[in-house]
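Here's a quick briefing for anyone meeting this structure for the first time. Have a look at it, then read on.

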Amino acid sequence: MPQLLGDRRLSDLQWHRRMDGAAAGNHRSRTNGKTLTDKYFMKHMTRKATRHISQNEGLIFEKSSPGKAAWKLPPLDVPEVDTSKLLGKQERKDLGTMPEVSEIEIIRHFTRLSTWNYAIDLGMFPLGSCTMKYNPRVNEFVSRVEGLANGHPYQPEKISQGALHILKTLSDCLIEITGMDAITLQPAAGAHGELTGLLMVRAYHHSKGHPRKKILIPDSAHGTNPATAAMVGYAVENLKSNESGMVDVAALAAQMNEDVAALMVTNPNTLGVFEHDIHEIAEIMHAKGGLLYMDGANMNALVGKARPGDFGVDVMHLNLHKTFSTPHGGGGPGSGPVAVKRILEPFLPKPVVVSKADGTLGFDYNRPQSVGRVRAFYGNFGMFVRALAYIFANGPDGLRQTTEDAVLNANYIRKGLEGTYDLPYSTRSMHEVVFSDKVQAKKGVRTMDIAKRLIDYGFHPYTTAFPLIVSGAMMIEPTESEPKEELDLFIEAMKSIAAEVEEDPQFVLDSPHNTRISRLDEVAAARKPVLRWKPEA
Ligand SMILES: Cc1ncc(COP(=O)(O)O)c(C=O)c1O
């Protein structure tokens with residue numbers, strides 16, 4: 001293995017230990033694997049530029065040599081202090097083993113590492129359900145405006161009117177977009193929004209004197225839905241989908257009773273299918289006093305076209321980090337506002353923004369039925385600025401067009417890959433499309449193998465093995481960000497992989513071939529992560 005990493009002494013890198021035996025095998029084949037790789041690239045890949053193979057990089061500790069520093073302090077020009085007297089036991093004579101490196105070594109180390117990441121700024125990120133869309137630069141520009149970037153949550157209301165105005169305007173926009181009556185911006189993620197929403201559902205039923213015990217959840221739901229319901233203390237009852245991949249209305253009617261607090265439905269659901277019977281679903285819930293919770297993480301398929309508040313939803317969350325283009329995952333804190341109908345307004349987390357008699361804005365903390373605070377201060381304010389910038393930059397027509405383009409792009413991919421990959425549900429697709437590996441599985445190649453091979457073609461993998469109701473799921477969400485040219489390249493890559501599976505399945509099973517390291521033991525990496533460097537004994 002060391003020879004693959006150049007002549008640097010990297011054999012002791014901790015991440016190597018995470019590679020399993022199969023990965024080591026792949027590495028061996030890659031020392032002479034270029035011919036193999038080229039064979040396929042020449043044959044099937046004509047246009048896609050693969051990712052630049054950037055330099056390998058050791059750990060910063062391995063670059064260290066004693067006495068090197070990236071700083072030089074001027075001579076002390078104040079009286080020297082006896083630190084041991086000042087700090088007593090807290091004084092440290094040295095910092096232990098810290099890397100001793102020069103400034104350029106630090107810069108190069110982290111710059112090189114940064115080139116190892118895949119990013120939306122490098123290419124398409126077709127992770128279904130995650131909506132990895134482009135975060136327009138205007139969002140960043142606005143969020144860096146000094147007064148906004150440096151605002152402090154402890155500033156008095158009097159000098160926070162601008163920030164309060166942003167909270168109020170964003171709230172108004174989201175209420176308008178969703179067709180709901182009120183909103184909280186506090187939750188810090190989609191799942192946190194679910195938790196907040198269900199806490200309100202629980203408080204509502206308690207206030208009616210009839211706390212209920214169950215939440216109904218379709219089998220196509222995101223895993224966070226049942227987890228949230230369980231955290232709030234509800235029993236979860238599974239609802240089977242019908243052959244079109246939608247809620248089975250007859251099954252719902254049979255399962256609904258006065259023990260059910262709410263149905264949690266994702267719309268469009270995780271198959272990328274719009275729940276056509278949503279009005280009827282709402283009526284069934286309401287007839288027995290239950291509430292309709294909508295997981296609105298997929299609102300990017302509805303914005304400007306349909307409003308959950310108009311089709312019977314009582315409470316829903318949004319993922320600003322998906323639909324409204326704020327950064328995602330490692331790129332930034334999330335935001336999961338929860339919008340509600342009037343009946344749930346008293347239970348919103350406090351404080352809420354209110355217009356005062358003198359025309360200024362302020363926070364109202366006097367909310368006796370509130371579920372309380374769910375987040376420090378008022379939520380992830382920087383994300384509100386970005387989301388509002390996105391909404392204003394697009395305007396109503398732009399947002400509608402965005403939705404149409406997201407749906408168009410998903411359907412373009414669907415059309416392009418139909419016949420090559422199995423489509424388990426033929427119902428119309430919205431913003432994402434779910435194929436399965438049924439055809440390729442006959443050759444022993446599964447969804448994960450195809451996803452790994454996609455990396456060689458310069459794309460981030462799609463979502464594998466989700467939703468769970470599709471065996472060998474390949475869930476693809478291109479988002480509206482992608483131009484037709486990139487979609488064509490993606491379709492070409494996927495077709496090329498399908499051809500490879502027919503000709504030489506083992507080659508796909510051994511992929512990726514063009515990456516710095518091949519397959520990792522992902523389970524060991526998740527269960528036993530090695531995150532700390534320790535000096536050799
Ligand atoms: C349908 C759905 N619901 C809920 C969530 C959870 O959102 P978060 O990851 O922000 O907690 C996601 C995340 O992508 C999702 O796709």
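The shell around the ligand divides into 4 nonpolar, 10 polar and 1 charged residues. Keep in mind that this is a predicted model. Besides the ligand shell, there's a helix and a pair of strands to look at.

**Around the ligand**
- In total, 15 residues surround the ligand.
- The closest ones are Ala189, Gly190, Ala191, His222 and Ala297.

**Helix H13**
- H13 runs over residues 278-287, and its buried residues are Ile278, Ile281, Ala282, Ile284 and Met285.
- These five names all sit on the same side of H13, because they cover an arc of only 160° around the axis.
- Just after H13 comes Gly289, with a positive phi of about 80°.

**Strands E10 and E12**
- Strand E10 takes in residues 433-436, with Val433 and Phe435 pointing one way and Val434 and Ser436 the other way.
- Whichever way they point, all of these E10 residues are buried.
- E10 pairs with strand E12 (residues 473-476) in the antiparallel sense, over 4 bridges.

Methods: Residues are numbered from 1 along each chain as its sequence is written. This is a predicted model: local features need pLDDT of at least 70, side-chain atom pairs count only at pLDDT 80 or more; totals for chains, interfaces and linings use all residues. A residue is buried if 20 or more other C-beta atoms lie within 10 Å of its own, exposed if 12 or fewer, and partly exposed in between; C-beta atoms are placed from the backbone. Helices (H or I, at least four residues) and strands (E, at least two) are DSSP runs, numbered from the N terminus. Two strands pair if DSSP finds at least two bridges between them. The arc is that of the directions from the helix axis to the C-beta atoms. A residue is near a molecule or strand if its C-beta atom, placed from the backbone, lies within 6 Å of it. Ala, Val, Leu, Ile, Met, Phe, Trp, Tyr, Cys and Pro count as nonpolar, Asp, Glu, Lys and Arg as charged, and the others, Gly among them, as polar.
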